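Subject: Handing over a structure, with notes

Hello,

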Amino acid sequence: MAPSFDTLTEQDLHEEEEEEIDFSDLKEQYEVKIEEGLDTFVVIDGLPVVPEDSRQKLIKFLLRKLNTVGHTSEDAVFMPINDKNMSEGFAFVEYETPEQAVAAVKQLHGVPLDKKHTLAVNKLMDIDRYGREGRIDEEYKPPTIEPFKEKEHLRSWLGDANARDQFALYRNDKVGVFWNNKNNPPENVVDRAHWTQLFVQWSPKGTYLASVHPQGVQLWGGPAFSKQKQFPHPFVQLVEFSPGESYLTTWSARPIQVEEGHPVLTYEEDGKNIIIWDIVTGKPLRSFVSHDLTAGPGAEGDAQPKKKVQWPAFKWSADEKYVARMLQNQSISIYELPRMNLLGKTSVKIDGVMDFEWSPATVNREGVKQYEQLLCFWTPEIGSNPARVALMSVPSKEIVRTRNLFNVSDVKLHWQSQGTYVCVKVDRHSKSKKSMATNLEIFRVREKGVPVEVVDSLKDTVINFAWEPNGGRFVLITNGEAPSGAAVLPKTSVSFFAPEKKGVSAGNFKLVRTIEKKTSNAIYWSPKGRFVVVATVHSQTSFDIDFWDMDFEGEKPEGEKDLAANLQLMKTVEHYGVTDIDWDPTGRYVVSSASVWTHSMENGYNIHTFAGQTLAEHPTDKFKQFIWRPRPATLLSKEEQKQVRKNLREYSKEFDEEDKYAVDIANTAVVETRKRVLNEWVAWIRREKEFLAEDKDAFGVPEDVDSAKQARDAPAVSDDQGETVVEEIVEEIIEENEEVIG
Amino acid sequence: MRPILLSGHERSLNQIKFNRDGDLIFSVAKDKIVCAWWSANGERLGTYTGHQGAIWTVDVSPNTILLATGSADNTVRLWNVKTGECVKVWDFPTAVKRVEFTPDGSRLLAVTEKRMGFLGTIAVLDIAYGEDLTSQADEPSLRITCEESKATVAGWSFMGKYIIAGHEDGSVSQYDGKTGEQLENVQAHEFDHQINDLQFSTDRTYFITASKDKSAKLMSARNLAILKTYVADTPLNSATITPKKDYVILGGGQAAMDVTTTSARQGKFEARFYHKVFEDEIGRVRGHFGPLNTVHVHPNGTAYASGGEDGYVRVHHFDKSYFDFMYEVEREQMRR
């Protein structure tokens with residue numbers, strides 16, 4: 001089944017072939033009547049009732065409003081007068097074009113004319129369509145309430161007896177969801193051809209799987225991955241979920257063109273690129289034009305910078321109460337959910353703002369009682385003003401900490417997953433702008449006054465940085481001088497940092513170790529911390545994947561005694577052409593994959609343990625995407641989690657036994673099938689021999705008809721001769737002497 | 001398993017054949033000459049020259065008296081194995097892609113290419129082993145025309161009862177060996193994935209096909225039932241069934257035109273051994289630096305030869321471990 005938007009009903013899911021869909025009811029409901037000329041007319045209601053004498057005055061007054069959205073004239077306004085020489089309180093207006101009429105409906109409807117009167121603007125055709133007799137029932141009929149329908153369990157996968165994880169696999173035209181079975185082949189849950197057009201994406205807690213089609217986005221979920229919701233955003237290209245799975249942002253490069261009578265989209269969405277949807281209702285909350293496309297020429301008058309899609313265009317606060325968007329160089333607009341109104345009715349003006357990031361968790365700062373979300377942004381040097389990094393508290397919009405910086409060429413903001421630290425990676429150039437260096441300015445958000453720690457300036461530029469999830473350690477990769485000649489990869493160095501041990505609070509960040517002469521360019525922390533994978537991806541010559549342990553349980557080098565880390569390289573594996581690396585949500589497995597989106601050589605994915613032991617290799621033709629299904633946060637309390645960790649050995653004993661048992665079962669099964677297959681084969685051969693003998697009998701040919709002897713004049717070949725011994729005389733020169741006689 | 005490297009050809013190999021006794025190997029390549037080798041040590045016995053174009057195919061009569069070759073010069077030639085003389089030339093309108101003797105050597109089939117308005121055909125020639133080998137019938141005794149999809153390979157079943165042909169569209173058909181009537185047609189491989197090789201088991205009751213669709217299939221000659229499927233990760237050019245041990249050997253690799261800047265690891269230029277019954281891959285033999293175009297096994301199952309796009313023939317005599325390898329279930333069966 002190809003689940004596409006064309007099949008709008010749920011039942012189509014279960015049909016093999018697409019049937020003609022009966023659209024007659026929909027057609028009737030949303031029927032579009034094209035009546036020549038009438039779509040330039042609007043009806044304005046809610047006008048004051050005036051005597052005929054003052055009619056012209058009112059029309060003139062009204063025209064001022066009407067001409068704000070389009071062009072019309074006194075002659076084009078018709079205000080009927082009744083027998084009592086009074087106006088009726090409404091007027092017909094003709095605009096120049098249908099677009100202007102639409103704009104009038106959009107912008108003037110509900111606008112107050114004066115204190116007592118509010119305009120009600122409708123298209124003439126709409127009045128005709130809905131106002132016609134019989135179209136609307138005279139009597140009120142209470143809406144029928146649909147009987148309660150049991151919804152599917154959207155989190156059933158978490159109840160797997162063996163706590164296995166699921167993943168989605170997109171290869172060729174097919175998308176499948178599988179259970180990870182360690183080194184055994186994955187178990188299929190569903191596999192559908194043409195399930196998506198562009199890519200698939202899990203929601204952040206794993207409840208939904210999103211598929212992307214030219215018609216919009218579809219969400220799938222439940223044990224059998226049935227269709228849960230549809231979001232008809234035409235030509236959608238990018239999708240983003242809010243962290244709590246309540247909202248969805250969709251983007252398309254092409255502005256949306258809403259046709260009249262669209263069941264979900266309204267004129268509100270016309271011409272927009274971005275829609276924020278409420279996932280539960282399936283309705284758009286608000287839509288926006290994307291900033292990147294309307295951005296004017298570059299601020300500094302330089303060559304216009306390349307336009308890039310700003311994505312995610314809307315960034316969510318950790319609790320989904322706010323969503324913010326930046327207008328580069330100008331402002332940040334913060335919207336409140338669920339109404340999507342602008343917080344404080346204005347955007348926050350920040351001259352030159354380049355980037356911002358929300359804290360990924362709600363932070364309790366020391367000495368701050370009221371509720372807040374934190375947002376970090378930076379501005380570059382403008383004129384004589386220094387560059388600036390600041391933390392803003394929302395909803396108060398108060399700047400809680402700011403820091404000035406000089407000689408800045410670029411800044412990247414990295415929040416630690418709990419919002420404890422934010423690392424500001426500052427790329428600085430020397431005065432001559434010839435050499436580059438990087439500073440790390442780490443804001444300790446939870447501590448009083450938000451102290452900033454500066455990690456010694458690194459001589460080389462930092463190309464990658466990653467915090468340990470739920471921890472205080474980080475890894476960064478610096479880029480040395482690139483050797484001339486593009487064929488050679490620039491050598492990189494990988495540095496591991498950890499805080500000093502200092503009582504309860506973490507001490508200063510110190511370098512643990514730097515590994516030089518690597519080619520690595522990507523860092524992947526285990527979602528549970530401690531383990532980190534450093535790899536070279538998207539390279540054509542180097543494919544190493546290093547598995548590091550930051551809390552190695554062995555001996556610790558003397559020099560690193562004060563550090564809260566014991567670094568150990570566990571294993572290095574190679575995966576030819578690796579493009580992506582993904583940790584499973586529990587931090588047990590790592591999948592490295594080579595996607596056909598990047599190159600077409602040896603596509604497929606390999607599964608490794610967290611320690612780098614390769615469990616299985618799955619070369620897959622036209623492999624595109626591998627994504628683990630995320631898990632929601634654990635429901636266990638801190639104490640319960642501690643209990644689990646304490647009794648880990650007992651549990652693992654149990655599991656080891658189970659594993660062993662499973663292996664035994666599997667082995668027996670394999671042996672059984674082999675036995676069966678072999679017996680079948682032997683039986684087939686025997687039967688075939690009998691057939692052959694029968695055939696020979698029937699044709700009256702001798703038993704050895706197929707033997708070479710039948711050919712006339714054949715030399716006698718005796719079978720009993722068996723193996724022949726071939727004697728070969730090999731002459732070898734043992735010694736060569738040259739004697740000169742004379 | 002140290003291979004013997006036979007470097008007698010200047011261009012890519014097209015087919016290799018052991019004779020029925022297994023002491024000789026015949027190889028043909030795009031370089032217009034046929035080579036005969038001693039299989040035991042790889043010494044070249046001689047060449048057969050005369051063809052004007054690339055030679056696509058070779059077969060040797062079961063009694064090792066006659067050798068048949070088919071070439072891009074639109075001829076089938078018959079050679080005296082012993083003397084190297086060309087005893088007969090049949091002209092065809094198009095290139096000849098495959099020749100094969102019946103098990104008793106009395107007939108020879110030739111598969112002709114579809115080109116220049118001529119449809120692909122399978123022609124059957126009667127072969128005489130008289131005093132004078134040059135006295136052969138001039139006209140084919142039977143001609144099968146492939147209307148739908150041209151045949152790329154063909155062979156004789158047991159007793160020469162059926163002609164089995166593999167087609168360009170991935171299907172396999174069964175023709176009556178006497179009348180040429182099509183009895184059966186099975187879409188064995190993926191549609192439009194050409195079948196590149198078709199080789200029979202020793203008793204010719206079943207055969208193996210190798211296709212561009214990256215799989216090889218073991219099929220019954222009697223009813224074209226697919227018995228086994230061997231899945232590889234690369235397009236296959238050749239497949240053979242080993243006597244004595246229940247294995248099959250597959251050869252292939254990325255097509256020459258697709259190999260650009262890739263390294264040898266990328267090309268998958270290895271001979272792959274699969275267990276015939278269990279369909280598991282059990283081993284690979286590296287060595288060629290181009291795709292394998294042809295593999296053939298010694299009739300006694302003691303050696304195999306592979307020919308590659310790289311122009312080399314590699315002859316491997318199997319080690320003891322090859323014969324010793326056995327699945328536990330097989331061993332059990334043996335004991336019983």
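Two residues are said here to be in contact if their C-beta atoms, placed from the backbone, lie within 7 Å. Please also keep in mind that this is a predicted model.

Leaving aside neighbours within four places in sequence, G180(B) is in contact with L142(B), I144(B) and Y175(B). G180(B) itself belongs to the loop that runs between β16 (172-176) and β17 (182-186) of chain B. Is G180(B) buried, exposed or partly exposed? There are 16 C-beta neighbours inside 10 Å, and G180(B) therefore counts as partly exposed, since that class lies between 12 or fewer for exposed and 20 or more for buried. Its C-alpha atom is separated by 9.1 Å from that of T145(B), a residue 35 places away along the chain.

Here is how the two chains look overall. Chain A has 742 residues, of which 29% count as buried, and its secondary structure holds 7 helices and 41 strands. Chain B has 336 residues, of which 53% count as buried, and its secondary structure comes to 3 helices and 28 strands. If you take the contacts between residues at least 6 apart in sequence, 46% of those in chain A join residues at least 24 apart, and for chain B the figure is 45%.

Next come the nonpolar cores. In soluble globular proteins, nonpolar side chains tend to be buried together. The largest nonpolar core in this model has 111 residues, and those that touch the most other members are A168(A), Y524(A), V532(A), V533(A), A535(A) and I581(A). With residues up to four places away in sequence not counted, I581(A) touches A522(A), Y524(A), V533(A), A535(A), V537(A), I545(A), V590(A) and S592(A). Apart from this core lies another, of 87 residues, which includes A29(B), W37(B), W90(B) and V315(B).

The two chains also meet through a pair of helices. Two packed helices are described by the angle between their axes and the distance between the axes. What are these values for helix α7 of chain A and helix α3 of chain B? The axes of α7(A), residues 648-699, and α3(B), residues 328-335, come within 9 Å and cross at roughly 50°, and the two helices are therefore oblique to each other. Their crossing is right-handed. On the side of α7(A), the residues that meet the other helix are V671(A), R674(A), K675(A) and L678(A), while α3(B) contributes E328(B), V329(B), E330(B) and Q333(B). By type, the residues of this contact divide into 3 nonpolar, 1 polar and 4 charged.

Some details of the backbone in chain A deserve a careful look. Most residues other than glycine have a negative phi, and most peptide bonds are trans. Against that background, where are the cis bonds described here? One is the peptide bond from L337(A) to P338(A), with omega near 0°, and P338(A) lies in the loop between β18 (331-336) and β19 (341-342). Another cis peptide bond joins V394(A) and P395(A), with omega about 15°, and P395(A) is found in the loop between β23 (387-394) and β24 (398-405).

Positive phi values come next. V450(A), which is not a glycine, has a positive phi of about 50°; V450(A) lies in the loop between β27 (436-444) and β28 (452-458), and is partly exposed, with 18 other C-beta atoms within 10 Å. K517(A), also a residue other than glycine, has a phi near 55°; K517(A) lies in strand β32, residues 509-518, and is exposed, with 9 other C-beta atoms within 10 Å.

Finally, please find N184(A), in the loop between β6 (174-179) and β7 (187-193) of chain A. N184(A) has 13 C-beta neighbours inside 10 Å and so counts as partly exposed. Although N184(A) and V663(A) are 479 residues apart in sequence, their C-alpha atoms are 9.8 Å apart in space.

With best wishes

Terms used:
Residues are numbered from 1 along each chain as its sequence is written. Chains are lettered from A and ligands numbered from 1 in the order in which they are written. This is a predicted model: local features need pLDDT of at least 70, side-chain atom pairs count only at pLDDT 80 or more; totals for chains, interfaces and linings use all residues. A nonpolar core is a set of buried Ala, Val, Leu, Ile, Met, Phe, Trp, Tyr and Cys residues joined through C-beta atoms within 7 Å. Axes are lines fitted to C-alpha atoms, for helices over the stretch in contact, and angles run from 0 to 180 degrees between N-to-C directions. Helices (H or I, at least four residues) and strands (E, at least two) are DSSP runs, numbered from the N terminus. Angles under 35 degrees count as roughly parallel, over 145 as roughly antiparallel, 65 to 115 as roughly perpendicular and the rest as oblique. A crossing is left-handed if the near helix is turned anticlockwise from the far one by less than a right angle, and right-handed if clockwise. Ala, Val, Leu, Ile, Met, Phe, Trp, Tyr, Cys and Pro count as nonpolar, Asp, Glu, Lys and Arg as charged, and the others, Gly among them, as polar.
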